[in-house]
Amino acid sequence: MNGQTEQIQEKKRCCAGILAHVDAGKTTLSEAFLYRTGSIRKLGRVDHKDSFLDTDVQERERGITIFSKQAVLELPEVTLTLLDTPGHVDFSAEMERTLQVLDYAVLVISGPAGVQGHTHTLWSLLRRYQIPTILFINKMDMAGADQQAILASLQKELSEACVNFSCGKEELFDAVSLLDEGVMDRYLQEETISDEEIAELIERRRLFPCFFGSALHLEGVDELLNALSRYTRMPQYGNAFGARVFKIARDDKGARLTFLKVTGGELKVKSTVKSGDREEKIDQIRLYSGGKFTLLQSAPAGTVCAVTGLEKSMPGDALGAASEAPQPILQPVLEYAISINDGTEPPVAYGKLRQLEEEDPQLHLLWDSRARCIRVQLMGQIQMEILQRLVKERFDMDISFDAGSIVYKETVAAPVEGVGHYEPLRHYAEVHLLLEPGEPGSGLQFDTICSEDVLARSWQRLIFTHLTERSHPGVLTGSPITDMRITLLCGRAHLKHTEGGDFRQSTYRAVRQGLKKAQSVLLEPWYDFRLELPQELVGHAITDIQRMHGEFEPPETGELGAVLYGSAPVAGLRDYQREVTNYTRGRGRLSLRVSGYRPCAEQDAVVASIGYDSERDLENPTGSVFCDHGAGFEVKWFEVEKYAHLPMLDLRPRQPKETASIVRSVQPGGAPELEKELLQIFERTYGAIRRRDILPMQALRPQDKRELLAAIEPAEEYVLQHPLCVG
């Protein structure tokens with residue numbers, strides 16, 4: 001009953017998520033779990049529109065999971081929080097956010113369909129987040145479900161460590177022992193493998209148990225529940241309070257709910273939690289199971305719950321001592337303009353829609369000042385229809401969408417220094433940034449080699465805040481920049497006239513000025529595809545893929561036809577299913593998944609068609625503001641360096657016999673180490689380098705820190721020569 005207050009009993013606690021390609025039977029398995037553990041008295045069904053966890057009206061009408069739900073299961077050895085995630089690719093962003101709080105995952109695969117396109121995406125995400133995984137091969141009661149063939153497919157396409165746990169003990173132990181030398185030695189001596197050894201292999205992702213059955217008929221469900229009880233381990237949590245936010249929602253009365261997992265210590269009602277510089281108070285702690293909740297006075301580490309009282313929290317936020325969540329991989333690649341059909345003023349509509357962006361940050365809602373419209377990024381047609389109806393029900397607004405456009409991104413081809421200066425009367429700030437190309441898919445990474453004798457630590461932290469607080473538009477199409485490392489070289493503040501907003505302006509302008517000088521590269525999204533079609537039409541498909549500037553592997557042929565694997569730009573494949581249906585007369589099937597961004601083959605044509613003019617983008621100026629005779633004046637980007645108050649970096653190509661460059665490595669103490677020869681020269685010229693001169697690594701985000709520690713190159717292709725830089 002809602003409102004009932006009780007404490008969580010001390011017991012091993014684990015959080016497991018159920019993931020699957022759509023229609024694999026994920027929600028049916030969740031229903032079977034609830035029924036077999038006594039949480040519900042009657043089995044619901046998706047097709048009967050009465051499943052326990054699909055509580056939303058649209059979920060029941062469409063027969064799909066749209067929003068992640070949770071239930072609490074009491075197993076003999078563990079209290080298991082079960083998170084049912086969306087299976088449809090259009091809602092994969094909601095699914096990925098849930099992965100951030102999972103201890104274990106149950107990956108459901110349809111026996112007749114086998115490993116599908118979205119299954120590969122899920123497997124890649126589970127590998128990225130290092131989540132121990134158990135597989136359940138469902139619908140084995142249906143025609144075409146061959147256990148041996150499916151197991152062979154899993155071992156080939158996912159991992160050789162997929163082991164059949166539905167077989168006899170001797171056969172199981174033989175297969176498990178092959179995965180680890182230590183386990184094999186003990187097995188040969190003792191002729192058995194303990195539950196603890198199996199649990200350790202699963203936790204280390206060295207073993208992926210596979211169970212076969214039918215969730216609808218409760219076949220194999222008890223065996224899977226038994227494995228979740230025996231082979232799971234409760235993570236080790238610290239004593240200091242920490243929590244990670246993974247979802248924002250609203251209840252029936254409109255109250256804002258922040259769903260989080262407590263990752264350390266204990267969360268108590270009326271306690272104050274901190275995220276960055278923000279502090280807020282917890283009003284309620286709710287433990288949800290389906291659509292109902294229980295009120296808690298406190299929640300120990302490992303608890304997944306919803307709290308009220310947090311009005312500024314966002315998915316991915318770290319509370320207390322928790323570490324920040326990594327940036328999500330799955331991003332929409334299509335953008336749509338929203339038309340408001342009921343006369344609501346666009347600014348009013350934009351304010352209301354921002355509530356939905358809190359719940360799904362991947363919407364990337366923005367106001368397009370050039371076109372005077374609201375734009376939103378979506379994963380596909382189903383998500384568009386859901387959003388349209390949700391806006392109508394929640395805000396009574398009638399909206400529609402245009403045909404959509406590709407979401408492009410931009411990067412740079414070579415290192416360049418950007419300078420931003422902001423000096424109207426009684427204001428002052430100057431920033432120098434080094435923009436370097438990064439690895440594909442690396443996003444934006446940040447570093448500093450600026451001495452604190454030149455610019456105080458507090459100002460440097462503020463510059464990092466401004467670099468990370470927004471998406472910076474490129475100069476080709478106005479698309480967001482990505483795959484770059486931005487390094488703070490130096491900066492200057494005024495003792496009396498510098499304010500925080502001055503560094504915001506100078507930082508933004510430094511990025512834009514650098515982009516104007518750089519050789520920018522337009523990036524376009526690509527799909528990986530799997531195309532099934534008759535053998536005689538393979539040539540037709542290959543011609544189409546070549547026309548799209550795509551790539552493909554040699555086709556696999558069989559009695560039932562051919563399968564073609566490959567990759568191609570989203571621009572070519574987004575409407576290709578319609579063409580496939582036409583030329584195969586309904587016998588072709590195309591599966592797509594986003595594979596990342598690559599340089600656009602038709603950059604000039606795309607840039608011309610978009611028609612973005614960076615000089616006319618008044619909200620993102622490329623020039624700077626300087627002061628002369630008590631008045632500020634604008635300086636164009638190509639003249640900024642003439643007026644800059646700090647010297648520029650010398651990005652000279654390294655010659656074969658030139659002195660070796662400075663090595664930018666990071667020692668445990670946090671300070672860059674210079675080569676001895678160059679260090680002596682530097683200290684003779686500019687004085688001794690003190691450890692406090694270097695901005696501590698904790699000024700960077702945790703994921704950037706890990707990236708720096710693991711992957712900073714030992715030498716650059718150019719020499720850094722700057723009298724105000726250290727390292």
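This note goes through a predicted model, from the chain as a whole to particular helix pairs and residues.

1. Overall make-up. The chain has 727 residues, of which 52% count as buried, and its secondary structure comes to 20 helices and 39 strands. Among the contacts in the chain with a separation of 6 or more, 73% are accounted for by residues 24 or more positions apart.

2. Ala 32 and its surroundings. Ala 32 lies in helix H1, which spans residues 26–36, and with a relative accessibility of 0% it counts as buried. When residues up to four places away in sequence are not counted, Ala 32 touches Leu 43, Ala 215, Leu 218 and Val 221. The C-alpha atoms of Ala 32 and Leu 216 are separated by 7.3 Å, although these two residues stand 184 residues apart along the chain.

3. Ser 214 in its loop. The loop between strand E8 (208–212) and helix H9 (221–230) holds Ser 214, and this residue is buried, its relative accessible area being 2%. Leaving aside neighbours within four places in sequence, Ser 214 is in contact with Phe 136, Asn 138, Lys 139, Asp 141 and Glu 219.

4. Arg 244, a buried residue in a strand. Strand E9, residues 242–250, contains Arg 244; the relative accessible area of Arg 244 is 14%, and because buried means under 20%, this residue is classed as buried. The side chain of Arg 244 reaches the backbone oxygen of Ser 323 at 2.9 Å.

5. Phe 464 in helix H12. Phe 464 has its place in helix H12, residues 457–468, and is buried, with a relative accessible area of 6%. Between the C-alpha atoms of Phe 464 and Ile 486, which are 22 residues apart along the chain, the separation is 9.7 Å.

6. The packing of H12 on H13. Helix H12 packs with helix H13 (residues 500–517) at an angle of about 55°, and the two axes are 9 Å apart; that angle makes H12 oblique to H13. The crossing of this pair is right-handed. From H12 the contact is made by Trp 459, Leu 462, Ile 463, His 466 and Leu 467, while H13 brings Gly 500, Phe 503, Arg 504, Thr 507, Tyr 508 and Val 511. Sorted by class, the residues of the contact of H12 with H13 are 7 nonpolar, 3 polar and 1 charged.

7. The packing of H14 on H16. Helix H14 (residues 538–547) and helix H16 (residues 576–583) pack at an angle of about 155°, with 12 Å between their axes. Since angles over 145 degrees count as roughly antiparallel, H14 and H16 are therefore described in that way. The crossing of H14 and H16 is right-handed. His 540, Ala 541, Asp 544 and Arg 547 make the contact on the side of H14, and Tyr 576, Glu 579 and Tyr 583 make it on the side of H16. The residues of this contact divide into 3 nonpolar, 1 polar and 3 charged.

How values were computed
Residues are numbered from 1 along each chain as its sequence is written. This is a predicted model: local features need pLDDT of at least 70, side-chain atom pairs count only at pLDDT 80 or more; totals for chains, interfaces and linings use all residues. Side-chain values use heavy atoms; hydrogens and water are left out. Axes are lines fitted to C-alpha atoms, for helices over the stretch in contact, and angles run from 0 to 180 degrees between N-to-C directions. Helices (H or I, at least four residues) and strands (E, at least two) are DSSP runs, numbered from the N terminus. Angles under 35 degrees count as roughly parallel, over 145 as roughly antiparallel, 65 to 115 as roughly perpendicular and the rest as oblique. A crossing is left-handed if the near helix is turned anticlockwise from the far one by less than a right angle, and right-handed if clockwise. Contact means heavy atoms within 4.5 Å. Ala, Val, Leu, Ile, Met, Phe, Trp, Tyr, Cys and Pro count as nonpolar, Asp, Glu, Lys and Arg as charged, and the others, Gly among them, as polar. Buried means under 20% relative accessible area, exposed over 50%, partly exposed in between (1.4 Å probe, protein chains only). A polar contact is a pair of N or O atoms within 3.5 Å; within protein, one must be able to donate a hydrogen and the other to accept it, and residues adjacent in sequence count only if both atoms are side-chain atoms.
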